[in-house]
Amino acid sequence: MRENNTPDKRVFRGRKKSLSSRVMRPQDLLHPCPEGLYCPLGDFFIDPVRPVDRALITHGHADHARAGHRTVLATRETLDIMRLRYGADFAESRQVAAYGEGLDIGDVRVSFHPAGHVLGSAQIAVEANGLRIVASGDYKRHLDATCTPFEPVRCDVFITEATFGLPVFVHPAPEVEAERLAASLRQFPERAHIVGAYSLGKAQRVISLMRSIGHDEPILIHGALARISRYYQGQGIKLGRLEPATVEEETATRGAGQIIVAPPSVLGDRWTRRFADPLSAFASGWMRIRQRARQRGVELPLILSDHADWNELTATIRETGAGEVWVTHGREEALVRWCELHGIAARPLNLVGYEDEAD
Amino acid sequence: MRRFADILDRLVLTPARNGKLRLLADYFRSVPDPDRGYALAALTGGLDFPAVKPAMLRALVTERMDEVLFAYSYDYVGDLAETISLVWPAPDDASAEAPALGEVVNTLSRVSRSDAPAVIADLLDRLDPSARFALIKLATGGLRIGVSARLAKQALAAMGGKDVGEIEELWHGLEAPYEALFAWLEGRAGKPQSAAQGQFRPVMLAHPVGEGDLEKLDPADYAAEWKWDGIRVQAVCEGGVRRLYSRTGDEISGAFPDLMETLSGQLALDGELLVGDPRLRTGSFSDLQQRLNRKTVSKKMLADYPVFMRCYDLLQRGEQDMRPRPFAERRALLEDLLPTLDPQRFDLSPLVDFGDWAELEHKRSNPPHPIIEGVMLKRCDAAYLPGRPKGPWFKWKRDPFTVDAVLMYAQRGHGKRSSYYSDYTFGVWAGPEDDLQLVPVGKAYFGFTDEELKLIDKYVRDNTVERFGPVRSVRAEPGHGLVLEVAFEGLNRSTRHKSGIAMRFPRIARLRWDKPAAEADHIEALTALLDA
């Protein structure tokens with residue numbers, strides 16, 4: 001049942017046999033430490049929040065990928081993104097992990113698998129003594145043209161995020177949300193449509209989605225997402241014509257009827273004053289809850305998430321075949337309850353330092 | 001149902017009035033009958049489905065999902081309708097066609113209390129989350145989306161290029177789904193004729209007296225009346241139908257049986273609703289507030305705060321529509337009519353004698369009763385015209401009160417102003433001279449220019465002491481603070497505010513950058529007004 005994702009079956013089987021006399025508990029393979037999730041057998045951390053000797057990084061978001069580790073193992077894209085954000089010396093040495101390829105670290109075999117969260121994002125499978133744990137990092141199952149789709153990996157223990165771990169979160173189809181933005185542009189052509197979206201991943205996904213429904217006009221982007229967007233384009237992701245949102249000569253009709261993509265923090269702030277009667281849109285899974293939109297003064301909530309919704313979380317847990325689930329960052333209690341109801345052992349994994357609000 | 005759900009979602013998050021109007025007009029233009037008509041009925045409060053109750057909905061959902069998971073969800077979302085709409089498990093066979101709004105309304109209006117659970121569950125199964133939310137809000141009443149019936153009618157007027165007065169006049173003779181109304185608005189049919197009795201007549205409104213207006217007018221052409229500080233109402237009695245309307249045509253008869261039961265004959269009166277007994281005393285606006293915005297009224301309320309109508313115009317008498325006739329003639333007929341009405345409930349708003357504008361100005365500044373807030377000028381030869389025609393009627397209000405207060409808190413605005421701190425809470429000094437404390441007395445968010453807004457916004461950002469979400473606490477102490485000259489129309493006693501007073505219609509009259517905060521007013525300046 002694990003063979004599909006294990007590149008070197010012979011080695012794996014052989015090892016399993018030789019060590020089968022010793023029963024390994026999951027917490028011996030991976031357990032939480034103040035620095036992050038630690039694997040004593042391989043002496044490495046996954047997504048550590050403090051500088052460590054050896055770090056395995058799932059994806060480039062700042063709360064998972066930090067600068068200052070001695071060695072970093074991650075996908076090529078994640079390493080590139082870290083370089084863009086932190087400079088070339090973000091770690092002493094860097095090693096590329098290709099999706100699906102097994103690597104031995106000490107007595108442990110690790111492999112990276114697509115997580116579908118942002119470009120380069122990966123789940124990390126860790127195996128030893130016949131026990132496999134998959135740390136999924138952040139993931140989603142909805143279609144996203146800007147990154148490799150999630151691949152379920154069979155495992156004994158599945159570590160899942162729970163950002164949207166409540167039955168209320170069922171994300172609508174992304175195209176439906178894109179069409180709503182397009183409809184608003186037609187209905188309010190005199191207003192600048194400012195779409196708040198996280199600079200890495202969400203911003204490019206919004207742009208790519210709009211292109212996919214035939215929106216061909218130039219899209220204006222905030223300076224904070226220029227470099228990452230250029231990188232995405234360099235990786236062959238089609239974002240169409242992007243222009244800087246801020247220019248020297250401002251006019252009263254700047255941005256009217258156009259899409260301006262910017263980090264969420266600028267929504268409703270002074271930066272938006274330069275545009276024609278700004279209409280604030282926010283692309284986030286949180287926009288499912290009306291009060292969230294109201295609190296932020298968002299006029300056009302776009303329910304677009306890079307995290308798994310409730311149905312994706314529960315379907316994924318089933319697909320992994322895991323007998324045990326560890327739940328982290330988000331609403332752990334509801335997902336733990338669901339696992340209990342379905343006869344799967346589950347517990348919250350109290351990791352600190354990750355932003356369960358970011359989407 | 002999809003389009004109806006969409007527009008509810010958009011309206012609730014659109015702060016600008018013009019934005020709402022455009023959303024509504026586009027909706028009415030593009031959605032076919034009868035759905036748009038039922039949406040109009042829902043927006044104007046014309047639908048009521050007593051068979052559907054929130055407790056029933058809750059029971060329905062917990063039959064379908066784990067109660068603990070539902071409780072976590074409800075805790076998180078906070079709103080029952082929204083929680084149910086989001087967690088409702090979509091049926092495996094999701095092929096069932098989503099019902100149209102018209103079908104939903106028809107189903108809900110016929111359903112019995114015992115059938116309601118099954119019927120609602122079937123509807124919820126066929127809808128997406130946003131439409132489920134719309135269904136639950138529609139079924140349990142109270143859309144609460146920041147759209148008044150008046151705004152909906154204005155959107156209709158915009159859609160059909162008509163005057164909103166025409167729509168208000170027709171309104172009470174029409175019924176959902178308003179197909180004849182839409183046909184007329186779209187130019188496919190003539191104006192709907194209604195034989196309904198007791199309809200609203202759109203009211204005539206006045207312009208404020210502007211700079212230099214009076215010099216161009218001949219005092220002999222005008223009659224003057226006191227301007228009463230109550231609420232404008234229209235009382236109609238026709239063929240046994242008695243109705244009381246607000247100035248926007250909303251029917252409010254239910255809350256004022258004491259007034260309406262004494263009315264008889266065939267007439268339509270225009271006047272001011274006030275509290276008291278016209279023969280003995282006239283109550284204040286805060287007395288009147290006890291009676292406003294209620295659907296029903298208790299016996300005690302009727303005894304403690306009796307209402308009466310101070311009449312100033314006659315719109316209908318018998319079969320005759322008086323509105324085309326000149327004011328002087330209507331006034332004379334009104335004076336003849338009043339003695340036939342119950343003197344405890346109806347009286348006449350007296351004319352104010354004056355020879356020239358200076359004399360009237362003197363009277364305006366020294367009114368004989370505290371509930372007078374200025375004078376009205378009405379051209380003697382003018383017909384009663386709906387809307388706000390320029391020329392025949394003027395309102396000349398008493399000058400507002402002002403107070404110098406200190407800015408204490410600033411809150412972010414909405415819509416166009418969301419990047420500005422544009423809502424200001426201000427206070428005045430209280431306590432002994434060596435231990436002065438600011439006590440908040442009101443909040444204002446207009447009265448300043450765009451340029452001034454930028455300056456205050458900068459001041460707020462530069463002088464922030466603390467932040468609470470969208471609110472900033474601003475440095476305000478005797479030696480440092482921004483003084484705002486606040487204009488207001490009057491004060492009410494209030495148990496809700498720490499200062500014990502509530503301002504009516506406060507706005508920023510001037511920014512007093514020059515004035516030291518310590519020299520702002522003291523609370524005694526305001527409490528003295530209350531006692532006057």
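Q: Which strands does H9(A) lie across, and at what angle does H9(A) run to S19(A)?
A: In this predicted model, H9(A) lies across S11, S18 and S19 of chain A, and the helix runs at about 170° to S19(A). Angles are taken between N-to-C directions on a scale from 0 to 180 degrees, so the value has to be read with the sense of each element in mind.

Q: What is the order of the strands in the open sheet of chain A, and which are the edge strands?
A: The general idea is to follow the pairing from one strand to the next. Here the sheet is open, has seven strands and takes the order S7-S8-S9-S10-S11-S18-S19 with mixed pairing. Its edge strands are S7 (102-105) and S19 (345-348) of chain A, each of which pairs on one side only, and from one strand to the next the twist averages 25°.

Q: Which other helix packs on the sheet, and which strands does that helix touch?
A: Helix H8 (residues 310-320) of chain A packs there, touching S10 (131-135), S11 (157-162) and S18 (324-330) of chain A; the direction of H8 makes about 170° with that of S11(A).

Q: How many bridges join S8 to S9 of chain A, and do the strands run parallel or antiparallel?
A: Strand S8 (residues 108-114) and strand S9 (residues 122-128) of chain A are joined by six bridges and run antiparallel.

Q: Which strands of chain B are joined to S11(B) by bridges?
A: Strand S2 (residues 222-228) of chain B is joined to S11 (residues 372-379) of chain B by six bridges, and the two run antiparallel; in this pair B:Ala223 stands opposite B:Lys378. Five bridges join S11(B) to S12 (residues 393-397) of chain B, also in an antiparallel arrangement, with B:Gly374 opposite B:Lys397.

Q: How is chain B divided into domains?
A: The assignment gives domain 1 (2-140), domain 2 (207-397) and domain 3 (401-531). For chain B, the C-alpha centres of domain 2 and domain 3 lie 35 Å apart.

Q: How many residues of each chain are in contact, and which helix of chain A gives the most to the side that touches chain B?
A: In contact are 25 residues of chain A and 23 residues of chain B. Helices H7 (290-295) and H9 (332-341) of chain A each supply at least two residues of the side of chain A that touches chain B, and H9(A) gives the most, with five residues. By class, that side of chain A has ten nonpolar, five polar and ten charged residues.

Technical notes. Residues numbered from 1 in each chain as written. Chains lettered and ligands numbered in written order. Predicted model: local features only at pLDDT ≥ 70, side-chain atom pairs only at ≥ 80, totals over all residues. Contact = placed C-beta atoms within 7 Å. Helix = DSSP H or I, 4+ residues; strand = E, 2+ residues; numbered from the N terminus. Nonpolar A, V, L, I, M, F, W, Y, C, P; charged D, E, K, R; others polar. Domains from an automatic or database assignment. Pairing = 2+ DSSP bridges.
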